[in-house]
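Please read the following points with the coordinates open beside you.

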Amino acid sequence: MATVGYYSMTAGQGQASQVDEITNNGDTAVNVTIPNATQLASLDSLYVVNPSNSGFGAEYMNNLGAIAAAVNSGMNLVIFDRAVTNAQTILPGTGSTITAVRDFASGSDVNVAAGAPTSFTNGANGVIDDSTFDGGTYSNHGYVELSSLPPGATALLTTSDPTHIVAFTYPVGSGNVFYSTMPIDFYTGQNNAAISPADIFTLFTNTQQTVMCFAAGTMIETLLGQRAVEDLRIGSAVQIHDGRVERIRWISASKISASDLKGNPKLRPVRITAGALGNGLPTRDLLVSRQHRMLVRSRVAERMFGAREALISAIKLTALPGIYVDKSVEDVEYFHILFDQHEIILAEGAASESLFTGPEALKSVPTKARAELMQLFPNLTRLDYKATSAAHIPSAKLQTALVARHLKNAKAVFA
């Protein structure tokens, strides 16, 4: 589970009332006394409340640079704010773009925003709907104008006006920020008739699940909507790019430390920035290993291989704009997903391969996990076993040629 730091802008450290929602989620709670680089270094998330109705804590503001740097490096920042006015000054990555309004005209009404992900509305700890947080005194202290949300933001909650956003999340570097105008500090630690501890637990758990999904892992399209790869399990029903649904037979993860990356730069991930493949894909930045293959679908591929679709290694795609080996990543965790056969699934909306059981691909699986895999699929140990790919996999030389043609003709690789 995650390590979550908790901090109050007015107390200058964490409040005891913040702990329950963290530990109820199975996470480790850490009292942050100063939100500086040293104390943020070990955190997966920082959970901040601002109980002040008139401004923001000086200590928090003095350490905003360290907080922003931590978010850029992959930490998640969760803020519940009463003051609201000038909220852009406490949020990394927004500049002065957002319009935050402290207002109580719809202060007792909180609705689910259109398009809010199911990981938020129907999480592991309960359901959030249009009545869950209604009737508080107050349920929110204002809103952020929908039109002013930062790039890549996802609206989660609104007032009765769907353009007035009570909670939203957005990416910053390798991390994400969640911001809400709900005065959650008022309700934690007490059994309020309008917003109960159970409601708070649901809100915090679903928030953590949503934010952690956006930051820590690739979003995979499943039968139940998008799910973070680290939340998938054996048996999870995953959407295949051709419309079928297949269940995961095996899943494993490989954690690559900073020292591992330093010692072997080839372990560094390739970042495919949002839209770099064409047609707006992927929908968010996507991190994959160098040899992980993405589906190319184009007339160029058809002319070269007699088929419109081909699987191309991410490292070959780095010749294209917006795709590069990300040297800023300090550590990375790669996930391996296996089905009954090689499949093409949707990762951040982009068509991407599942684990291919060819000999080279299996080298990327840790020894212990590979032994487990061999037990589950004994055919892999047969000398005459030959893996069948879900789409054509050209030779390395032809992959390079394909990408070069796309680059020369300025054609999207997924048309």
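1. Pro282 is placed in the loop between strand 18 (270-272) and strand 19 (286-288), where helices (H or I, at least four residues) and strands (E, at least two) are DSSP runs numbered from the N terminus. A cis peptide bond joins Leu281 to Pro282, with omega about -10°. A cis peptide bond also joins Thr137 and Tyr138, with omega about 0°, and Tyr138 lies in the loop between strand 8 (126-127) and strand 9 (142-145).

2. The model is predicted, and local features need pLDDT of at least 70, side-chain atom pairs count only at pLDDT 80 or more, while totals for chains, interfaces and linings use all residues. Residues are numbered from 1 along each chain as its sequence is written, and side-chain values use heavy atoms, with hydrogens and water left out.

3. Ala410, although not a glycine, has a positive phi of about 55°, and this residue lies in the segment after helix 13 (396-409). With a relative accessible area of 67%, Ala410 is exposed (buried means under 20% relative accessible area, exposed over 50%, partly exposed in between, with a 1.4 Å probe and protein chains only). Asn86, in the loop between strand 4 (76-81) and strand 5 (100-102), also has a positive phi, near 65°, and counts as partly exposed at 42% relative accessibility.

4. Rings of Phe, Tyr and Trp (its six-membered ring) pair if their centres lie within 6.5 Å, and planes under 30 degrees apart count as stacked, over 60 as edge-to-face and the rest as tilted. By this rule there are seven aromatic pairs. The ring centres of Phe168 and Tyr179 are 5.8 Å apart with planes at 50°, so this pair is tilted; it links distant parts of the chain, with Phe168 in strand 11 (residues 164-172) and Tyr179 in strand 12 (residues 175-180), eleven residues apart. Both Phe168 and Tyr179 are buried. Phe186 and Tyr187 form an edge-to-face pair, 5.0 Å centre to centre and 90° between the planes; Phe186 is partly exposed at 35% relative accessibility, whereas Tyr187 is buried at 2%.

5. Which residues touch the most other members of the largest nonpolar core? Among its 39 residues they are Ile272, Leu277, Leu317 and Ile337, a nonpolar core being a set of buried Ala, Val, Leu, Ile, Met, Phe, Trp, Tyr and Cys residues joined through side-chain atoms within 4.5 Å. Leaving aside neighbours within four places in sequence, Leu317 is in contact (heavy atoms within 4.5 Å) with Leu277, Met294, Val296, Ile312, Ile323 and Val403. Apart from this core lies another, of 31 residues, including Leu149, Tyr170, Val172 and Tyr179.

6. Leu261, in helix 8 (residues 258-263), is buried with a relative accessible area of 1%. Leu261 and Val332 are 71 residues apart in sequence, yet 8.7 Å apart in space, C-alpha to C-alpha. Ser354 lies in the loop between strand 25 (350-353) and helix 11 (359-362), and counts as buried at 3% relative accessibility.
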